[in-house]
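This briefing covers a strand hairpin, a set of charged side-chain contacts and a pocket, in that order. Please read it alongside the sequence and the coordinates shown here.

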Amino acid sequence: MQKEIHGFPFKAMGSACEIVIASTQDRPELASATQAAIEEVLRIESKYSRYRADSIVSRINAAAGQFAVECDDETWNLLQFAEQLFDLSDGLFDITAGILRQAWDFKQAIVPKREQLEELCSRISWASCEREQQNIFLPQRGMEIDFGGFGKEYAADRAAMVLQAHGLQHGYVNLGGDIHFLGPKLDGSSWNIGIQHPRKKGELIASIPLQQGGLATSGDYEKYFELDGQHYCHILNPKSGMPVRYWASVSVVGPNSLIAGSYSTIAMLLEDKAIDFLNATEFKYLAVDSALEIQLKQ
């Protein structure tokens, strides 16, 4: 019997990734489309990586406090999207907040000194960045932008577009848990996606059946440490520099991965205001608080 579901694993953006295609075509016939999609993910990683000196993000950051940098259309559109997220979150989703990683190392159980966080927070200010005619200027030396808050989700959507352009309509792109669904299985049934239990590694707390659109989860369990009975995670409030604590994880189903991931992160940052924020949307969600109580909108 011919295999109808084909998985194409790869690594990108520091994550284990996979393209899954349901098709009656043989695997070699799918290779061209899937390779093109993987190359699109790698293109985005290269273009926006803060680890590459030649990336547009690194060039913008290197020019901070000195001069404006002209952006191409793709980058400018992402900056405009970042502005929408900043406004939507009351300033909590701020792409200049990545510099807080200079204080927090989640491989070591050390809470930074308040003075260090205050100094870094003084350089976090998307509102002060000057943006005009596709030029961006970061007004302070030491300021940085970082697309890490939605880069994988954007890449998942772009990879899905490549697959669709090759005529593929059944399957999904999964970039480290940020997923874009092309369409259902060949028999019309849904893909059943497990949601990681935030406190039990390798176990699921729920599963969500999906056919199209995006699914993303933000949680406090990927990068964290425990100290003196407190849980410190990598999702940081840009106003205080401290980790969020209210939610263990928030999963959102949206029209694409970019929206799903951005809204799940905003919900984590909003803490006790998240449910009102999510309920004001039409999106389904599954939110698990720090006491492991679940709130669900189907």
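This is a predicted model: local features need pLDDT of at least 70, side-chain atom pairs count only at pLDDT 80 or more; totals for chains, interfaces and linings use all residues.

Leu-286 has Leu-296 in β15 as its bridge partner.

- Strand β14, which covers residues 284-289, runs antiparallel to strand β15, residues 294-297, and four bridges join the two.
- Four residues lie between the strands of this hairpin, and Leu-292 takes a positive phi near 70° there.

**Salt bridges**

- With a side-chain nitrogen of Lys or Arg required within 4 Å of a carboxyl oxygen of Asp or Glu, the count comes to 15 salt bridges.
- Glu-83 and Arg-131 form one of these, with their closest N and O atoms 2.4 Å apart; the pair links distant parts of the chain, since Glu-83 belongs to helix α3 (residues 73-88) and Arg-131 to strand β4 (residues 130-132), 48 residues apart.
- Glu-83 counts as partly exposed because its relative accessibility is 26%, and Arg-131, at 28%, is likewise classed as partly exposed.
- Lys-152 and Asp-178 meet through their side chains in a salt bridge with an N to O distance of 3.7 Å; Lys-152 lies in helix α5 (residues 151-165) and Asp-178 in strand β7 (residues 178-183), so this pair ties together parts that are 26 residues apart in sequence.
- Asp-178 has a relative accessible area of 5% and is therefore buried, the cut-off for that class being under 20%.
- Asp-272 and Lys-273 also meet in a salt bridge, at 3.9 Å from N to O; Asp-272 is exposed, with a relative accessible area of 52%, and Lys-273 is exposed as well, at 53%.
- Salt bridges with shared partners join Glu-40, Arg-43, Lys-47, Asp-72, Glu-74 and Arg-158 into one network.

**Second largest pocket**

- Sorted by class, the lining of the second largest pocket consists of seven nonpolar, two polar and two charged residues.

Methods:
Residues are numbered from 1 along each chain as its sequence is written. Side-chain values use heavy atoms; hydrogens and water are left out. Two strands pair if DSSP finds at least two bridges between them. Buried means under 20% relative accessible area, exposed over 50%, partly exposed in between (1.4 Å probe, protein chains only). Ala, Val, Leu, Ile, Met, Phe, Trp, Tyr, Cys and Pro count as nonpolar, Asp, Glu, Lys and Arg as charged, and the others, Gly among them, as polar.
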